[in-house]
Amino acid sequence: MAKSAMSNSAVSNSSKSKLNRQAVAGTSLLILALLFLAAVVLSGSLFRGARLDLTQNKLYTLSEGTQRVVSKLEEPITLHFYFSDSLAQDAPQLRTYANRVRELLEELTDKSKGKLILHVIDPLPFSEDEDRATSAGLQGVPIGPGGQSMFFGLAGSNSTDGAAAIPFFQPSKEAFLEYDIAKIISSLSEEAQPVVGWMSGLDIGPGFDPATQRVNEGWVMYGELSKLFEMRRQDPAAKAIEDEVQLLLLVHPKNLADDTLYAIDQFVLRGGRLMVLVDPYAETEQAGQGADPTQAMFENKSSDLAKLFAVWGVQYDPNQVVLDAQYALQVKPREDAPPARHLAILGLGKTALNQSDVISAELESVNLSSAGFFQLSEGAGVALEPLAQSSANAAAVSADRVRFLPDPQALFADFAPTGNNYVLAGRLTGSLKTAFPERSGDAHLAESIDDANIVLIADTDVFSDRLWVTVQSFFGQRVVDSFASNGDFIINSVDNLVGSADLIGVRTRATSSRPFTAVEGIRRAADDRFRAKEEELQSELAETERKLTELQGARGDASSALLSPEQQSELQRFQDEKLRIRRELRQVRRQLDADIESLGGKLKFLNIAGVPLLLTIGALGFAYWRTRKRKEQRA
């Protein structure tokens with residue numbers, strides 16, 4: 001009995017101990033769960049808005065220029081982001097891009113310290129929100145059989161009734177997304193229209209035309225700039241540039257006095273922006289009234305800023321014109337002559353335009369005529385980033401070859417491409433020194449306060465109407481139709497330069513869509529093999545046909561339609577060979593699909609099982625390490 005009692009007592013104690021361990025384990029799990037929930041809630045409060053950008057191109061990290069634009073805001077700016085989410089259910093690509101835009105706007109709002117106020121709106125069809133979106137300048141895109149309009153744009157306003165908008169966010173322009181939004185914010189933070197001072201040796205602005213005895217509206221380019229900026233003419237003999245001028249536009253500067261050059265020099269050194277259009281042969285330059293036509297033909301029509309260029313480290317020859325066989329446009333030299341390619345009149349496409357600079361990217365075509373080129377002097381302490389450049393199938397020749405040219409075909413006679421890509425337009429940046437070190441005074445600057453930012457274009461004809469627009473009169477109104485992107489190129493340049501230095505620093509960004517480079521590599525390799533097999537088949541076919549022709553010619557009865565045994569044997573061999581090569585072609589295609597499927601399977605394994613397995617191995621290794629450490633401590 002005593003043994004039985006002792007045994008029951010031991011069992012009872014063992015059961016209690018087991019229950020206590022279970023209770024402790026359950027309590028520990030409950031405490032851990034509560035601690036986990038508390039940590040999630042606490043981290044959500046403490047680290048709200050914090051992000052870790054692990055993307056290769058830092059897609060979700062604002063550029064320094066954008067951050068400075070936002071941090072300098074003094075007055076609140078309200079942004080209304082309109083996206084028709086309810087109508088975009090069947091457009092997953094657009095919804096993905098809309099999330100990208102919204103995340104960027106939220107990031108900007110978080111960085112603004114309350115100066116940016118964001119409203120996200122889903123404008124339902126025929127609602128007041130839709131009316132407000134339309135009145136704000138947004139563009140509705142018809143979608144669906146009901147004719148509803150889908151909106152995907154941004155409207156901004158400031159405290160002084162200033163307004164700006166992005167009518168529609170186009171996924172194809174994702175590289176410019178941050179710049180476009182930063183530009184909207186920057187423009188709303190400015191109080192007045194930017195002031196652009198212009199100085200020109202050509203009659204680009206409005207004035208009286210003595211030939212027609214009428215008021216001339218000026219070139220279309222000038223009119224388009226006047227719609228966006230306050231254009232102030234600067235006297236070509238001026239000894240100072242007005243203080244309000246943010247950008248000085250020089251078009252065909254000729255024979256400028258040293259005092260005027262000094263004014264330009266000091267304007268740039270104190271932080272003013274400069275855009276220069278020079279030309280080895282300005283075809284739009286007209287002789288003065290009453291001038292002898294014969295003498296006017298021999299007048300020098302080139303322009304230069306030799307004194308300033310030399311100090312800035314820019315080499316430019318006003319007697320050299322770039323010829324380019326790849327970008328040469330067809331022109332009609334005479335009414336009775338057929339169209340001919342003109343090596344000096346160039347139509348630059350996307351391959352010739354810098355796609356990483358907001359000035360030249362996304363432009364379809366820019367036309368130039370008798371353009372020169374720029375390059376840096378040896379040891380120049382500045383950078384010249386090409387905005388537009390020739391192809392390698394180009395050469396530089398004397399401007400006289402173009403000036404006295406009766407037939408464009410004559411340019412091909414001695415044309416010898418050099419293999420160089422000539423910079424026809426570029427952005428010059430860096431620290432500059434004065435071209436007038438001998439001058440002095442209280443306001444005199446010997447070097448630039450900040451890095452200069454100058455746009456150089458070696459052609460003034462790009463500004464002229466004939467290279468990019470047709471102008472017609474419709475009931476007294478001037479109707480303009482553009483056939484090239486010259487206007488966008490010039491306006492983009494001015495718009496970028498008159499922006500703040502922070503905004504100028506915001507360039508194009510990489511897009512969020514990433515190509516499957518491994519898959520593309522497999523596909524290219526398989527295509528190469530497939531193409532090689534196709535060439536082999538064509539070669540076999542040509543060789544067999546040649547042999548069949550020889551056999552036919554060797555026959556005595558060539559008129560017979562029957563094949564000889566030799567021809568039959570050769571034909572059968574060809575057919576067998578053809579079937580074999582076709583089987584190999586199919587095998588190459590199957591191998592292509594198999595390689596891609598194999599890669600996809602590996603990626604699925606890594607995503608589904610690989611990472612959890614790696615974490616499990618890490619946890620087991622950590623547990624083993626702790627166990628060994630405890631045993632060592634006990635020993």
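A residue counts as exposed when its relative accessible area is over 50%, as buried when that area is under 20%, and as partly exposed in between. Keep that in mind as you look at this predicted model.

**Salt bridges**

- Side chains of opposite charge can pair up when their charged atoms come close.
- A search of the whole structure turns up 18 salt bridges.

**Lysine 433 and glutamate 447**

- These two side chains meet in a salt bridge, 3.7 Å from N to O.
- Both sit in the loop between E21 and E22, so the pair ties together parts that are 14 residues apart in sequence.
- Lysine 433 has a relative accessible area of 53%, so it is exposed, while glutamate 447, at 42%, is partly exposed.

**Aspartate 357 and arginine 427**

- Here the salt bridge spans 2.9 Å, N to O.

**Helices H6 and H11**

- H6 (residues 220-228) and H11 (residues 486-498) pack at about 40°, with their axes 10 Å apart.
- That angle makes H6 oblique to H11.
- On the H6 side, the contact is made by Met221, Glu224, Leu225 and Leu228.
- H11 brings Asn486, Gly487, Ile490, Ile491 and Val494.
- By class, this contact has six nonpolar, two polar and one charged residues.

Methods:
Residues are numbered from 1 along each chain as its sequence is written. This is a predicted model: local features need pLDDT of at least 70, side-chain atom pairs count only at pLDDT 80 or more; totals for chains, interfaces and linings use all residues. Side-chain values use heavy atoms; hydrogens and water are left out. Axes are lines fitted to C-alpha atoms, for helices over the stretch in contact, and angles run from 0 to 180 degrees between N-to-C directions. Helices (H or I, at least four residues) and strands (E, at least two) are DSSP runs, numbered from the N terminus. Angles under 35 degrees count as roughly parallel, over 145 as roughly antiparallel, 65 to 115 as roughly perpendicular and the rest as oblique. Contact means heavy atoms within 4.5 Å. Ala, Val, Leu, Ile, Met, Phe, Trp, Tyr, Cys and Pro count as nonpolar, Asp, Glu, Lys and Arg as charged, and the others, Gly among them, as polar. A salt bridge is a side-chain nitrogen of Lys or Arg within 4 Å of a carboxyl oxygen of Asp or Glu. Buried means under 20% relative accessible area, exposed over 50%, partly exposed in between (1.4 Å probe, protein chains only).
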